[in-house]
Amino acid sequence: MKPRQEYDPFTPGWRQPKPAMAWRSPDLFEARGPKQFVIDGLVALDELSVVYGDPDAGKGNFALNMAMAAATAQPWFGRNAGMLQSNGEWWPAGVVYFALERPAQVERRIYAYRQEREIEFEPAIAVCEEVFDIRDPDAGELIAETMFDARKGTYMCTDPSGVGVCDYQPDFNLAIIDTLAMALQDGSDSDPRDMGAALRSLHTARRLTGSHIMLIHHSPVSGDDRMRGYGSLNAAIDMSIHVANKRGQRIASVKKNSDNPDRPKFYYSLKSFDTKLWDDEEGDYIGTAPSPVLVEEAGPKEVAAKAKVAAAAPAASASEKPVLDALASIDQPATEAAWREAFDGFRDADITAGAHRKRFSVGKPKLESKGLISKDENEMWTVTALPTV
């Protein structure tokens, strides 16, 4: 290494030396402290992650369920969620959900989560529906300032444990960007320049806030269990979770976890939940559009057993079985709209969307004629002939 060139102000061409970048010596490393988590042992502060999968895999539901667990300090697949306090308790962590695609749908799902779990206090989650270009040099600061702004106006006045009141201001330690494709605007996830600009913005937001930044992304149309686009994304992140759906069995698999050799899998299903709003004129709660709610499953054997029982339904043809299975998976009388929504989770990857819809419209009357399903006076559908092993 050559010695640094010294400059003399009396020498022609002299210029002021530029400052060097900051650096740390090993005796200061321990001051950084241990990892802090929003989802214990999985989602850590000051990191980047991606949740990705096919369009019908349920990745948005999975990520939002994780966000709501953190925002309400509810257990998540047996793990603590939120922020660990000095007294050993986990309290809500603030979340900003950047809903670039379907903000109204996200808000309905948050409302359904609260109703289904009977959460009376206000979760520490904010939804931002403004569209931005993540390639913009100022995008990282824009994300960070939005999180800082959300924190300023958020206080919890009700103790999440249900005992008394409190004055707790949660830190906003998780940001979810749904989706990367929408945040890229007219850019491409296969373009190294676009992805490079996006990653710079993400790291800027992470560095300024110290929070966890999570992206929702897509898989290739080929069905591979990898992230779509340029490989720099996978190289730059700390964790990736692949979400897949095959005949209603949903699996979220950790594919990359930089600091942990463990690669857990999370098994779950989605059920349709009819949310209700208070109507002053009616003096009662009225139903709104149903929203999917995530249900944690014990593991693959339990899910496979349910699929096996449903598959044994008597007299149902191969094309009718998924239609019957979808209704059986709801476990309660369901509207046709809720049934169709559940049926979308049973779509085979090798058939088109049009063929999938036709399978439902053809299969429903045939199942009814065979006495396997029935409709009551309230237009609610149920399975009348339970499958046998």
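In the predicted model, A57 is buried, with a relative accessible area of 1%; this value falls under the 20% limit that defines a buried residue. A57 is located in the loop that connects β3 (48–53) to α1. Although A57 and V243 lie 186 residues apart along the chain, their C-alpha atoms are separated by 5.9 Å. When neighbours within four places in sequence are left aside, V243 is one of the contacts of A57, and the others are A244, N245, R250 and Y268.

The largest nonpolar core comprises 47 residues. Within this core, V43, F62 and W76 have the most contacts. Helix α1 (residues 59–72), with nine residues, gives the most to the core. The surroundings of W76 were examined with neighbours within four places in sequence left aside. On that basis, W76 is in contact with I39, L42, F62, N65, M66, A69, F266 and E296.

Helix α8 (residues 321–330) is largely enclosed by the rest of the structure, because seven of its 10 residues are buried. The buried residues of α8 are P322, V323, L324, D325, A326, L327 and I330. Just after α8, D331 adopts a positive phi of about 65°.

The packing of α8 was also examined. Two packed helices are described by the angle between their axes and by the distance between those axes. For α8 and helix α10 (residues 353–369), the angle is about 80° and the axes are 8 Å apart. The two helices, α8 and α10, are therefore roughly perpendicular to each other, since angles of 65 to 115 degrees count as such. On the α8 side, the contact is made by P322, V323 and L324; on the α10 side, R359, F360, K364 and L367 take part. Of the residues in the contact of α8 with α10, five are nonpolar and two are charged, with no polar residue present. P322, V323 and L324, which form the α8 part of this contact, are also among the buried residues of α8.

In helix α9 (residues 336–343), the buried residues are A338, W339, A342 and F343. These residues lie on the same side of α9, because they cover an arc of only 140° around the axis.

Notes
Residues are numbered from 1 along each chain as its sequence is written. This is a predicted model: local features need pLDDT of at least 70, side-chain atom pairs count only at pLDDT 80 or more; totals for chains, interfaces and linings use all residues. Side-chain values use heavy atoms; hydrogens and water are left out. Buried means under 20% relative accessible area, exposed over 50%, partly exposed in between (1.4 Å probe, protein chains only). Helices (H or I, at least four residues) and strands (E, at least two) are DSSP runs, numbered from the N terminus. Axes are lines fitted to C-alpha atoms, for helices over the stretch in contact, and angles run from 0 to 180 degrees between N-to-C directions. Angles under 35 degrees count as roughly parallel, over 145 as roughly antiparallel, 65 to 115 as roughly perpendicular and the rest as oblique. Contact means heavy atoms within 4.5 Å. Ala, Val, Leu, Ile, Met, Phe, Trp, Tyr, Cys and Pro count as nonpolar, Asp, Glu, Lys and Arg as charged, and the others, Gly among them, as polar. The arc is that of the directions from the helix axis to the C-beta atoms. A nonpolar core is a set of buried Ala, Val, Leu, Ile, Met, Phe, Trp, Tyr and Cys residues joined through side-chain atoms within 4.5 Å.
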